[in-house]
Each structure stands twice: as C-alpha cells, then as structure tokens.
Amino acid sequence: MRNPTSRRTVLQGILASTLVTGFDVANSSWVTSASAISRFESLPRLDGVLYTDDKGLAAAANDFGNIVHRKPIAVLKPGSIQDIISIIQFARTYNINIAARGQGHSTDGQPQVDAGVVIDMTVLNKIHYVSADRAIVEAGVVWSQLLQKTLEQGLTPPVFTDYIELSIGGTLTVGGIGGATHRYGLQVDNIWELQVVTGEGELETCSQFQNRDLFEAVLAGLGQCGIIVQATIKLIKAATNARVFLLFYDDLATFTRDQRLVISDERFNFVEGQIVPKDNGGWRYMLEAASFYTDTATPNNDTLLAGLNYIRGTEQIQDKTYFDFINRLAQIVTFLKSIGTWSYPHPWLNLFVPGSVVESFIGEVVSTLTQADTGQGPVLLYPIKTNRLQLPLFRVPREEIVFLFSILRTATPPEDAVVKRMLADNRRLFEQNRDNGGYKYSVDALSFSPKDWQQHFHPVWRKLVSAKRRYDPNNLLAPGQGIFTSIMYQEKSA
Ligand SMILES: Cc1cc2nc3c(=O)[nH]c(=O)nc-3n(C[C@H](O)[C@H](O)[C@H](O)COP(=O)(O)OP(=O)(O)OC[C@H]3O[C@@H](n4cnc5c(N)ncnc54)[C@H](O)[C@@H]3O)c2cc1C
C-alpha cells in the first residue's frame, strides 16, 4: 500500500536540508536556491521514503573501507520495486547519479555517490519462495538469512563468501568467491534469473535464456547497467555437518602443490588457505578445507589426507554444524566490533594471480611482508579452477588454475599516513601482478584510472561499453566504481 505521507516527508526533508535543493538543468549544476525546489516538486509518489537527514547522509557517505567519503543528497528507502523505477526515471530527467547500497561492505567508496541518491537495498529483504532447486529473493536479503531459510528444507546455495552478512545484490554485483568455488564457480555462476531495474528505469527479467546480454552485463558487472531487485538462486541439498581441517606448511611450494591436488580431485567440499604469522616471526601457510556430511556418515580422515605433505602433528580437525561452519566469521566480527577495529580503515587488496607464477610472486611478497603491512588482517591464498567461471565480466588470468591472493589490511593505527602507505603498496602489488598477467578482484581499495579499467575488462570492454550505452545511457548508475567518468563517457558516446 502506498504511504500517503512519504511525498510530504520528502519535501520536508529537502526543505529542511539547506545543502542542496535542486538541480539546475540549464547549468548542469546542483543549486541551493529556493527556486530549484520546484524541480523536486516533480518527484513521483513513493511507497517508501527519501531521507535527507544528516545522520542518514553521513552513513551513506561511508563504507566498510572507511577511506572514501562521498556525500549523497538523499537516501531512498524504497517501499517497493516501483520506487526504484520511479527514482531512476526521475534521476534521468535531472541527471542525478544513483548508487544502490547493500550492506556497504565495499572498501573504496563503490556504493557511494557524490551529490546523488543512494538506494538503501536493505529494506528489500523478502524471501519469496524456496523449492528443491531454487530460492527467489529480494536483492537486499543477506546470505545468512537465506541460508537459515533454506536449511529448514535441507537445502543450501552452493557457494558462500567467507562473511555471510553481505547482501545478495552486493555480492552478485562483484562475483562472490568462496571455498566452494573450485567446485561450483562463483555466486554469479549459480543464478537462474534476475529482475533488474536498468538505468533507463525499466524493469527487466533476464537469464541465460532471456535478455542474456543484460544478465551477463549485470552479474559481476559492478552495478553499471542496472540495479538487481530480485534474484533466483540455485539451491542444492545441504549437509548437516562439516569436518574442518587446518593443515600447516612451512614451505609455499608444498602448500600450493597440496592445494592444487585437493581442488583437482575435489576430495573436499571447501578449500581455502591463508598465510599466517608464526609465533617467532615470519609466516607459514595454512590449508583450510572442509568435508560436508550428514548425520553419522562421517568422512574418513585418512582418505581425505592421503598424499598431503603438511607438517605432521600440527593438523587441527574439528566437527561443526554446517551452518556454524558457513557462519564461522560471525564470532570474529563480533570480537573486532567489540575492540573497535572493525570501524578502522580497511585498505584491502584482492588479486587473482596466475597459477604459473604464484610461487615466485607470493614468495617475493611474503619475503618482505610484515604484520605492520597487514594490520593483523588475514592474508588469503587459495586456488580456483577457471573452467568453473562462466560470466564474461568477471576477469581472471587465462590459466586453468588461478589463486585468489588477498591482504585484508586494517590500518592500525587508523591514521592517514598508514592508509596512504597501504594504498601505495596495493598499487605496487597490483602492477606487479598485472605485468604477470594477473587481475584484481574488484572489491578492494585500489586507485584505478579509466585506462586501468579498459585494460581490466579487455577483451570484453567493448561489450561492457555497449551494454552501458544501452541500459544506462545517461551514465547514472554506480559512479563510485569509477569505471565511466563523465568526461570519458561523453567522449565514448560522441
Ligand atoms: C568481512 C568481509 C568479508 C568478505 N568476504 C568475501 C568473500 O569471501 N568473497 C567475496 O567474493 N567477497 C567478499 N567480501 C567482499 C564483498 O563480497 C563485496 O564487497 C560485496 O560487494 C559486499 O556486499 P554489500 O552488500 O556490502 O555491497 P555494497 O558494498 O553495498 O555494494 C557493492 C557494490 O554493489 C552495488 N550494489 C549493491 N547492491 C546492488 C544491487 N542490488 N544491484 C546493483 N548493484 C548493487 C553498489 O552500488 C556497489 O557498487 C567481503 C567483504 C567483507 C567486508
């Protein structure tokens, strides 16, 4: 049902805010004069509410990275999909930028928009339907919420990110990688269908079989062509338990050899790995693997560990419920929140390293890496098989096996100089990896020029540009990604 007070609330909000009251179409600039209010009078009737209060705007001008701050002029809490359509159509008329925001767990301002409108997707959080092979959900649903619901029917999505309080729309926009990716691909590879509101304000359904170009432009498309409002997600049968193995190595080559072995024979359901600090300084390697099972059908440890060359006697083996395993970061996050470091800046780096150079590249990085470089944040290193990845806009090196290498840095102490140093290091490592044929995973804090983006998306850059022109011709959506700057877009569209 439509909320009759929302339009008034909007106008009150805008009137109360002396920051920006309108957009001067003739001069293409934001204005604060009362004369511009009339332009906002044409706002459509909304089911939800458009907020302009300082607290809401300040929250939308930050994200988990806490590095970039861009202040919007309003935050829409949509009461319906129609609200998203209406606000985009309105934004088109006045050339106002729009950014969808899921959980805001980006690290570089990706869900932010300077002087535009942020659409808070968290309010679109209904799970509409669950059946044996699929769940139909609104894009603001978080993965933990979906898992709890599907487990009631003994079902699960095949792939989870390490942290499951991320929105479904947010991870489908970037890719969504995790320990099951070596078997099932990314989260974007496990989608039956999407509903998307394009930058033209049109609601479209897309899938492999219908509007495939939109489907492929939106999944891992960094929000450039549309806002995902609903997703139909593949489900598989869930196990009830997970047997978790932590295996330690002193030697990088032995570690990666074992990782390659276990992803190639798929003996585990989940495979990741970390570079962890040793008690007496330096680093060692930890293979993290899990075998899922149901009730008393417990896995055979000897079979699972056969042929692996971890340091004998250091292995840790533990049984958990499936849910607790998938939700394993929850406790750590609670702890980090309690000590305050969760809100420190997070200049994260995420790279895809070609398997052919992983030992030399990582070996060199680790030889100089210190805990001051990571700020006690985890360092991930794990392999995936590229033949499991289907979506063209998710860029990885052209090799059969590539490794995700992530330095999930916390700026400690949370000072500008530390952030600056970490960002510079991100760029340095990115360039080294790029020159080896590597890519970045676009969730990190890395300065990227339009030229970098073209190179990143090559050879599908033209495909992205043409989808952008078709579905977001006014270049309104997700400017925080910094892919299509307005100047560049004008040049390209000319
Ligand atoms: C603690 C932590 C652990 C993580 N672990 C992993 C991991 O294991 N694997 C992995 O792949 N990633 C991981 N990530 C990264 C995460 O997947 C991305 O940052 C993801 O985009 C965050 O989702 P979000 O809901 O917070 O999105 P936001 O940060 O809100 O948005 C991200 C981008 O998507 C856009 N967007 C958001 N919702 C929509 C929508 N409905 N339609 C269109 N565009 C939209 C935004 O405009 C923005 O450009 C992790 C992040 C954190 C903080």
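Biologist: Where is the place of Ser442?
Modeller: Ser442 lies in the loop between E21 and H16. Helices (H or I, at least four residues) and strands (E, at least two) are DSSP runs, numbered from the N terminus. This is a predicted model, in which local features need pLDDT of at least 70 and side-chain atom pairs count only at pLDDT 80 or more, while totals for chains, interfaces and linings use all residues. Residues are numbered from 1 along each chain as its sequence is written, and side-chain values use heavy atoms, leaving out hydrogens and water.

Biologist: Why does Ser442 count as buried?
Modeller: Buried means under 20% relative accessible area, exposed means over 50%, and partly exposed is in between (1.4 Å probe, protein chains only). Ser442 has 7% relative accessibility, so it counts as buried. In the protein, buried residues make up 57% of the 494 residues.

Biologist: Which residues is Ser442 in contact with, leaving aside its neighbours within four places in sequence?
Modeller: Contact means heavy atoms within 4.5 Å. Ser442 is in contact with Gln110, Val174, Leu222, Trp453 and His456. Gln110 is 332 residues from Ser442 in sequence, but their C-alpha atoms are 9.5 Å apart in space.

Biologist: What makes Phe352 and Tyr441 an aromatic pair, and why is the pair called tilted?
Modeller: Rings of Phe, Tyr and Trp (its six-membered ring) pair if their centres lie within 6.5 Å; planes under 30 degrees apart count as stacked, over 60 as edge-to-face and the rest as tilted. A search of the whole structure finds 20 such pairs. For Phe352 and Tyr441 the centres are 5.7 Å apart and the planes are at 50 degrees, so this is a tilted pair. Both Phe352 and Tyr441 are buried.

Biologist: Why can this pair be said to tie together parts of the protein?
Modeller: Phe352 belongs to strand E18 (residues 349-354) and Tyr441 to the loop between strand E21 (439-440) and helix H16 (450-457), so the pair ties together parts 89 residues apart in sequence.

Biologist: How do you know that Lys440 lies over the face of Phe448?
Modeller: A charge sits over a ring if NZ of Lys or CZ of Arg is within 6 Å of the ring centre and within 35 degrees of the ring normal. Lys440 is at 4.2 Å from the ring centre of Phe448 and lies over its face. The charged end of Arg328 likewise sits over the ring of Phe325, 4.6 Å from its centre.

Biologist: Why do E3 and E5 stand at the edges of their sheet?
Modeller: Two strands pair if DSSP finds at least two bridges between them. The open sheet has four strands in the order E3-E4-E6-E5, with mixed pairing. Strand E3 (49-51) and strand E5 (98-101) each have a single partner strand, so one side of each is left without a neighbour in the sheet.

Biologist: What makes E3 and E4 a pair?
Modeller: Three bridges join E3 to strand E4 (residues 74-77), and the two run antiparallel. With at least two bridges required, E3 and E4 therefore pair. Tyr51 has Val75 in E4 as its bridge partner.

Biologist: How do you know that the buried residues of H17 line one face?
Modeller: In helix H17 (residues 461-471), the buried residues are Trp461, Leu464, Val465, Ala467, Lys468 and Tyr471. Seen down the axis of H17, they fall within an arc of 165 degrees, so they line one face of the helix. The arc is that of the directions from the helix axis to the C-beta atoms.
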